[in-house]
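Here are my notes on the model, point by point. Have the structure open while you read.

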Amino acid sequence: MNILQHFSVTESDLLRVIREALSKGGDYADIFFEHTFSNSIALRDGEVNRASSNIDYGTGIRVVSGDQTGYAYVESTDIKDLENAARTAANIAVSATPRGKPIEIQERHFRNYYKIEKPWIDVSVADKKEYVQKLNDRIFELDSRVIKATVTLADSTSHILFFNSEGTLAWDYRPMCIMAASCTMEQDGKIENGSASRAYRKGFEFLTDELIETIAQKAVSQTSLMFEAVKPKGGEMPVVMGAGSSGILLHEAIGHTFEADFNRKGTSIFSDQLGKRICSPDISVIDDGTVEFARGSINFDDEGVESQKTYIVKNGILESYLHDRISANYYKVKPTGNGRRQSFRHPPLPRMRVTYMEQGNIPEADIIASVKQGVYVDNFTNGQVQIGAGDFTFFVKTGYLIENGKLTQPIKDINIIGNGAKALADITMVGNNLRIDEGAWTCGKDGQSMPVGQGLPSVLISNLTVGGE
């Protein structure tokens, strides 16, 4: 198997390390090998003036014994280093009886959701620079008010090898690419900023003239809108969440509360709600690792579990949490393919992949028309969430007032404040325009950052607090 050669290990090496990992007892052990190449280039003040590359290489070894987990990693694949790491993990997760059950290696092959045409390793800096310069130039062409632009292009390629005490042997080739731009515009002495990004699991074919145009138009139009926007009066009111990036609410304020570790520990508001109705029967929420080329998709998770489409909420009923192997064992269910880790230096945790709400059958125009006085929001920058309880504050970069069923004055720099569970329950209309946002979303949890995706059709939340003037 070529991937074994890539990491300079053999099947007998894998078995030796697993035996060492289980030498103090233990219910389960796994080995996670990673070799990642990362590159980035950046343009500022009209020229590419920064480039960097990084190589990360190493192995993480985990031992699970009941509720105890031992984890150790080494920046090496030398057999002696691996055995030492395995002993360290075993000593952390020590139990009474060493495991002596023989292991039969079973090579697994999974469907590939991110087939690439040209690997990043075959692409020169000059080839990348051409597209970075094109994006910068296009931003300046679109509007004479542009006074500054920055452009970044980042790519990475990860070789992953996984083996566990159940005999599962699997490997993956994981590409990632991000292109982002920001622009600064000046009008009558007033300065505004806007940005846009696109991210996928793709190779060099990611870079196209169409991509350049999409990012440039988005960055410039967003910035231009800021000159017209005002900060509205605040208060409690209906809020229409636009399709796409509004999925940040679904991810942050709601999605985390469905992760099984929070529910297992009783810290999530949904800890006792499994199988119960939590929102309208018109609502189904999915976490999906099988969306082709999506930033958050994976062929298999970092515990060797095949990727899948998981209904968290189906027709208003809380149907499943998001599980890694540990939580699945606790709940006596199958893992959902949500065991993910930032790198070989980190143990896996239940994490989201691409989280979205299924679309309904109502046109967005009809949703807006149903609101007499409220706001429409579709461009978020950041926010704060109390994971577990689900209380949130999100900062809205731009949106619109809704007056008598129509979008009127552009608005900017407002907060929307609420509780995730209540907001989900207060969704009264679901649009027919689901869009998976393709921005460079990254999720942080317990000190680990992971690439994720999110999406939403337009929805009406009957009541949220809007922080304005």
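1. Which side chain meets that of Arg87 in a salt bridge? It is Glu20, at 3.5 Å from N to O. A salt bridge here is a side-chain nitrogen of Lys or Arg within 4 Å of a carboxyl oxygen of Asp or Glu. The two partners sit 67 residues apart, with Arg87 in helix 3 (residues 79-92) and Glu20 in helix 2 (residues 11-21). Helices are DSSP runs of H or I with at least four residues, strands are runs of E with at least two, and both are numbered from the N terminus.

2. A word on ground rules before going on. This is a predicted model, where local features need pLDDT of at least 70 and side-chain atom pairs count only at pLDDT 80 or more, while totals for chains, interfaces and linings use all residues. Residues are numbered from 1 along each chain as its sequence is written, and side-chain values use heavy atoms, with hydrogens and water left out.

3. Back to the charges: the structure has 25 salt bridges. Have a look at Arg138 and Glu213, whose closest N and O atoms are 2.7 Å apart. Arg138 belongs to helix 4 (residues 125-142) and Glu213 to helix 5 (residues 209-228), so this pair ties together parts 75 residues apart in sequence. Arg138 is partly exposed at 24% relative accessibility, and Glu213 is partly exposed at 26%. (Buried means under 20% relative accessible area, exposed over 50%, and partly exposed in between, using a 1.4 Å probe and protein chains only.) Arg87 from point 1 is partly exposed too, at 33%.

4. Arg353 and Asp287 also form a salt bridge, at 2.7 Å from N to O. Arg353 is in the loop between strand 13 (349-350) and strand 14 (354-357), whereas Asp287 is in strand 9 (residues 285-288), 66 residues away. Both Arg353 and Asp287 are buried.

5. Next, strand 23 (residues 459-467), which runs antiparallel to strand 8 (residues 235-241) and is joined to it by 6 bridges. Two strands count as paired if DSSP finds at least two bridges between them. Met237 has Leu464 of strand 23 as its bridge partner. Strand 23 is also antiparallel to strand 17 (residues 406-419), with 3 bridges, and there Ile417 stands opposite Thr465. Strand 18 (residues 427-430) pairs with strand 23 over 3 bridges, again antiparallel, and Ile427 is partnered with Ile461.

6. Ile427 and Ile461 turn up again in the lining of the largest cavity, along with residues including Met241, Leu250 and Val459. That cavity has a volume of about 60 Å³. On a 1 Å grid over the protein atoms alone, a cavity is a set of points where a 1.4 Å probe fits but cannot get out; a pocket is an open set with protein on both sides within 12 Å along at least five of seven lines; lining residues have an atom within 4 Å of a point. Grid points are joined across faces, edges and corners, and a volume is the space filled by probe spheres set on the points.

7. What classes of residue line that largest cavity? There are 11 nonpolar, 1 polar and no charged residues. (Ala, Val, Leu, Ile, Met, Phe, Trp, Tyr, Cys and Pro count as nonpolar, Asp, Glu, Lys and Arg as charged, and the others, Gly among them, as polar.) Helix 6 gives the largest share of this lining, 3 residues. Helix 6 is largely enclosed by the rest of the structure, because 7 of its 8 residues are buried.

8. The largest has a volume of about 680 Å³, and its lining of 29 residues has Thr36, Ser156, Ser158, Gln342 and Pro451 nearest the centre. Strand 5 (146-164) is one of the contributing elements and gives the most, 5 residues. The lining divides into 9 nonpolar, 10 polar and 10 charged residues. The second largest pocket is about 410 Å³, and strand 7 gives the largest share of its lining, 6 residues.
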